[in-house]
Amino acid sequence: MTFEPNELQQAVQETARRFARERIAPVAAENDRSARFPRELVHGLGELGLLAVNVPEAYGGSGAGAVAYALALMELAAADCATAVIAAVTNMVGETIARFGTEAQRRRFLPPLASGEWAAGAFGLSEPQAGSDAASMRTRAVRRGDVWVLDGEKQWITSGDVAGVIVVWAKTDPEAGTRGVTAFLVERDAPGLVVGRHEEKMGIRASSTVSLALDGCEVPEAQRLGPEGEGFRIALAALDGGRVGIAAQATGTIRAALDASRRYAKERHAFGRPIAEHQAVAFMLADMATDHEASRLMTLRAAALKEAGAPFAREAAMAKLLASEAAQRAVSRAVQIHGGYGYTSDYSVEKLFRDARVQTLYEGTSEIQRLVVAREVLRDLG
Ligand code: COS
């Protein structure tokens, strides 16, 4: 058993760390204020191979594996959760196409996705009335010759307005439940795809979140992703990997909260000494550091299982659950340590507090993670 990243993993981590410090961190607060999609940063991430870390090199990816991906995402999130989530969803879409796509689909869709030419990838699963209960989606796909016609509405779609390709799930056999769902690769300029409302969000404001209307949207049969009726399983498999990504993001958030807090606690004086020397504050820092370590280890363990080709759905759900809940504690403590200053945008922890909140919600709420873990725990008992 080893806890040290290998040379390749360290190199990817170092690349992400440098880009995060030099390019992302300096503009993160302004991009948050203006809710501006960081197109040039996403392009930079593409040039460094960070939009497709776990996609084979033959298709433009880095081929560096799931652990390297998790390490990279921790670095990006420590600088800005919004940029990190754009990268996370793009990586998830790329991995899904690499795993379930045909050779022709991989060759066509992966290089522009990986390079950043397409800005991002998007994941079109949720609908206004179908979030946790993803199988209750209403979007329909009906085949007419060589074309599928999609009708419905998707909601909460990260990068849905800028992505070059959106994986869209639709019912092709509404009577068949979870076995009647099929996935499609929909290009941004597909006829009948209309970008709707932009959500005005509490945090991760530089990441755009939109609804999408599919109004007789035509998708060629050649852009069906995976077999008919297999879409739901493809979505859940993709989300397993996605959850490792959100766990990594939460881990990076905790580290940022801890770094800002310990810096402040050493500078700020009260009652004649730095507040770090008051046990009430020191213990909060200790709890944050412990939460960071636990989140990091569980995230890397889930990523390592995934990389080894072993089952990892349970570990991914556990890591996402633990890290995203720990991030709530960490950002709250960070604001507490900063006192009134932490409640203002003059200090980075105010943004961290808002950015972290979504982590227990997206790519499966904490309740869904518990449901996944509980099913596995009960199955273990036979
Ligand atoms: N990977 C691959 N296949 C999986 C899977 C996984 N991790 N988990 C379950 N499946 C398969 C099941 O084996 C089942 O296959 P069969 O039809 O062959 O039996 C099928 O998928 C359906 O699974 P299940 O019956 O468990 O589906 P449920 O409707 O009960 O849903 C949950 C399961 C709740 C776990 C699922 O709906 C879920 O993850 N919801 C949250 C969705 C989400 O995260 N949304 C956020 C979107 S991104 S912001």
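Which backbone oxygen does the side chain of Thr 96 reach? Let's find out by clicking through the structure.

Before you start: this is a predicted model, where local features need pLDDT of at least 70 and side-chain atom pairs count only at pLDDT 80 or more, while totals for chains, interfaces and linings use all residues. Residues are numbered from 1 along each chain as its sequence is written, and side-chain values use heavy atoms, with hydrogens and water left out.

**Stop 1: Thr 96**

Select Thr 96, which you'll find in helix 4, residues 81-100 (helices are DSSP runs of H or I, at least four residues, numbered from the N terminus). Its side chain reaches the backbone oxygen of Met 92 at 2.6 Å. That's a polar contact (a pair of N or O atoms within 3.5 Å; within protein, one must be able to donate a hydrogen and the other to accept it, and residues adjacent in sequence count only if both atoms are side-chain atoms).

Is Thr 96 buried or exposed? It is buried, because its relative accessible area is 4% (buried means under 20%, exposed over 50%, partly exposed in between, with a 1.4 Å probe and protein chains only).

Now show its neighbours. Leaving out residues up to four places away in sequence, Thr 96 touches Gly 101, Leu 225, Ile 234 and Ala 238 (a contact means heavy atoms within 4.5 Å). Pick Leu 225 from that group: Thr 96 and Leu 225 sit 129 residues apart in sequence, yet 9.0 Å apart in space, C-alpha to C-alpha.

**Stop 2: the ligand**

Next, select the ligand. There are 18 residues around it, and Ser 132, Arg 179, Arg 233, Asp 240 and Arg 375 come nearest (a residue counts as near if one of its heavy atoms lies within 4 Å).

- Asp 240: 2.7 Å from a nitrogen atom of the ligand.
- Arg 243: 2.9 Å from an oxygen atom of the ligand.
- Arg 375: 2.5 Å from an oxygen atom of the ligand.

Then colour helix 6 (231-267) and helix 10 (366-380), the elements that give two or more residues to the shell around the ligand. Helix 6 gives the largest share, seven residues.

**Stop 3: His 338**

Last one: jump to His 338 in helix 8, residues 313-338. This residue counts as buried, because its relative accessibility is 3%. Show what it touches: apart from residues up to four places away in sequence, you'll see Ala 260, Ser 261, Tyr 264, Tyr 347 and Val 349.
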